[in-house]
Amino acid sequence: MSSISTFPDVMEKLVSLAKRRGFIFQSSEIYGGTGSVWDYGPLGVELKKNLKDRWWNAMVRMRDDVEGLDAAILMHPRVWEASGHVAGFTDPLVDCRNCKRRFRADDPKIKGTPGAPDAQCPACGMKGTLSEPRLFNLMFKTFMGPVEDTASVVYLRPETAQGIFVNFLNVQQSTRQKVPFGIAQIGKAFRNEITPGNFIFRTREFEQMEMQFFVDPAGNHMEWFEYWKAQRMEWHRLLGLREERLQFHQHDPQELAHYARAAFDIQYDFGGSLGFQEVEGVHHRGDFDLGRHQEYSGKKLEYFDQPNNRRYVPFVIETSVGADRTLLALLVNAYREEQVAGEDEGRTVLALHPSLAPVKAGVFPLVKKDGMPEMATRLASELRRHFPVFYDESGAIGRRYRRQDEVGTPYGITIDGQSTADQTVTIRDRDTLQQERIDATRVVEVLRERLAT
Ligand code: ATP
C-alpha cells in the first residue's frame, strides 16, 4: 500500500550517512552481508536506546496502570499453534525450477500465472519454470536440546505479544493490578520476510515495543481503543515526527484479522516511492488471544472481578510499534541539507529531538594552545557525568560544528581566548546557529534546561 510521496527520497543518503558516521552497518559486512539484517554502531545504539527509553517512560514509568515485562524469545511451541502463527503466518511463494530463485506469488514482475506454461520467471526470464504457489511460513525454526527432530522444533518469536499473553495472570496476580491495566515489553522479533528491504524498514530481525491493555468486555472497551489511538499518535508527534507526515489508516474488512474488532495503523510518510507506511498498529483483539491460550494450555486465564463477583476473559487493546522502523522514520524526518548564510559550504543536519540525539553536546577548544584544550577537557569530563558529550580539537572550528550537525548533536560548547580569561564559553544551537556566551559554571544547568524541553 505505498503511494508516491511529495517528500523527497533520502534513503540512499541516509544509508551512506548511517554507515560513515557509525549509526548502522550491514550485518557481517566483511562476508558480503546477511540479507536484511543490520547492526547498530556507536551512535545508532545510543539513538535507539533513547527512543526505547522514551517509549518505556511514556508507557510504563509514567503510568500506574501499565506494568513492564521481559519475556524470553524462545517459547513453548504450542504458543505458536494457539496464536495461529503455525497455521496462518504464511506468504504464498513460487519457485523457479531453472534459476532456483523464490518470489511472492503476487510479485508484479511475474508475467502470467505461476504454474502455467506461459508464466515467465522475473529473474532468469525462462518460461514455464515457475511452480504453483505454495505457502511459506515466516517463522524461523530451530531446535531445543541435543536432538534435531520434529519433537524438538522451537521458533524464534515473530512478535513479542505472546510473551505478554501467557504471563497475563502472573503479572496481574503479582502486582495486584485491577482491570483495566496493561503489560508492556520491548524485545526482538524475527520474521523470515520474503520481500525485505528499504534499509531498516523491513528486516528479518527487529525490535518491537508492544503493550497489551486488558479491559472489561462488558465495559467501555471501545473508549479505551480510542484513548490508546490518540495516546499513541501523540507519542509520535512528541518525538518530533512532522504532523503532515503522520496519519491514521483504518483497516478495511479485508485487511482486518478475523478476530479483530477494529484496527488502525499509524503511518508515516517516508518520502519517495515508499510514501505513507505503517510504523505502529493499534488493534482491538477482543478475547481471541487469551481465549486461545486457555483452550490450548487447558489453564484458565480469567480475571476475577472481586467487587462484582464476576469472572471473565478480558478484551485486549494492543499497541505495537517497531523500534527500528520508528528510528528510520526519525532519521528521514530529521535529515536536511541546507545553505548557511555567509558560508560557501552547505551543511547536512540531523534535526533530531534533543532527547533522542545520541550526543548532547560537542566540546571544542577554538585552537590547540593557550590553555584552551586544558579548560575544554576539564569541562568535557565534568559534562560527561551528566550527558553524553563529544570532545573534538581537530580541524577548523566550522568543520567540527558540521561534523556534529550531521549526527544531530543539539549544542556546541566552544572555549576561546576569552574563556581562559573570564571563565565563560559560547553555546551554539544546532538549529538556529545562534551563539550565546555563558559562565562555564552554568553549562550543566543551561544544557539540562534546554534538553528538558
Ligand atoms: P507489515 O505489514 O509492514 O509487514 P505488520 O502489519 O506485519 O507490518 P505488525 O505485525 O502489526 O506488522 O507489527 C507491528 C510493528 O512491528 C509494525 O508496525 C512495524 O513497525 C514493526 N515490524 C513488523 N515487521 C517488521 C519487519 N520485518 N521489520 C521491521 N519492523 C517490523
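How far from an oxygen atom of the ligand does a polar side-chain atom of Arg325 lie? The separation is 3.0 Å, which falls inside the cut-off for a polar contact (a pair of N or O atoms within 3.5 Å; within protein, one must be able to donate a hydrogen and the other to accept it, and residues adjacent in sequence count only if both atoms are side-chain atoms). This is a predicted model, with local features needing pLDDT of at least 70 and side-chain atom pairs counted only at pLDDT 80 or more, while totals for chains, interfaces and linings use all residues. Residues are numbered from 1 along each chain as its sequence is written, and side-chain values use heavy atoms, with hydrogens and water left out.

For Glu278, a polar side-chain atom sits 2.7 Å from a ligand oxygen, and the side chain of Gln208 places an N or O atom 3.4 Å from an oxygen atom of the ligand. Taken alone, the ligand would expose 580 Å², and the protein buries 81% of that (areas come from the Shrake-Rupley method with a 1.4 Å probe; for residues, only the protein chains shown count as cover). Helices (H or I, at least four residues) and strands (E, at least two) are DSSP runs numbered from the N terminus. Of these elements, β13 gives the most, with four residues. In total, 14 residues surround the ligand, the closest being Glu193, Arg202, Thr203, Glu278 and Val279; to be near it, a residue needs a heavy atom within 4 Å. By class, the shell splits into three nonpolar, five polar and six charged residues. Here Ala, Val, Leu, Ile, Met, Phe, Trp, Tyr, Cys and Pro count as nonpolar, Asp, Glu, Lys and Arg as charged, and the others, Gly among them, as polar.

Zooming out, the protein chain has 13 helices and 23 strands, and its C-alpha atoms fill a box of roughly 75 × 70 × 50 Å along the principal axes. Of the 453 residues in the chain, 50% are buried (buried is under 20% relative accessible area, exposed over 50%, partly exposed in between; 1.4 Å probe, protein chains only). The chain exposes about 21900 Å², with carbon and sulfur atoms supplying 49% of it. Among contacts (heavy atoms within 4.5 Å) between residues at least 6 apart in sequence, 65% join residues at least 24 apart.

Next comes helix α8 (residues 288-297), whose buried residues are Phe288, Asp289, Leu290, His293 and Gln294. The cover over these residues includes α3 (77-82), α5 (161-166), α6 (168-175), β10 and β13. Leu290, a residue of α8, counts as buried because its relative accessibility is 1%. Leaving out residues up to four places away in sequence, Leu290 touches Phe165, Phe168, Phe214, Leu301, Val313 and Pro314. The C-alpha atoms of Leu290 and Val316 are 8.6 Å apart, although 26 residues separate the two along the chain. Just after α8, Gly298 takes a positive phi of about 75 degrees.

Pro365 belongs to strand β19 (residues 361-365) and is buried, with a relative accessible area of 1%. Beyond its neighbours within four places in sequence, Pro365 is in contact with Met372, Pro373, Ala376, Tyr391, Asp392, Glu393, Arg400 and Ile415. From Pro365 to Ser394, 29 residues along the chain, the C-alpha separation is 9.2 Å.

Asp416 is found in the loop between β21 (411-415) and α12 (417-422). At 12% relative accessibility, Asp416 counts as buried, and its side chain makes a polar contact of 2.5 Å with that of Arg437. With residues up to four places away in sequence set aside, Asp416 touches Leu366, Met372, Thr426 and Arg437.

Finally, the cysteines. With a disulfide taken as a pair of cysteine sulfur atoms within 2.5 Å, the count comes to zero. Cys99 is in no disulfide, its nearest cysteine sulfur being that of Cys96 at 3.7 Å; at 26% relative accessibility, Cys99 counts as partly exposed. Cys121 is likewise in no disulfide, with the sulfur of Cys96 nearest at 3.7 Å, but Cys121 counts as buried because its relative accessibility is 3%.
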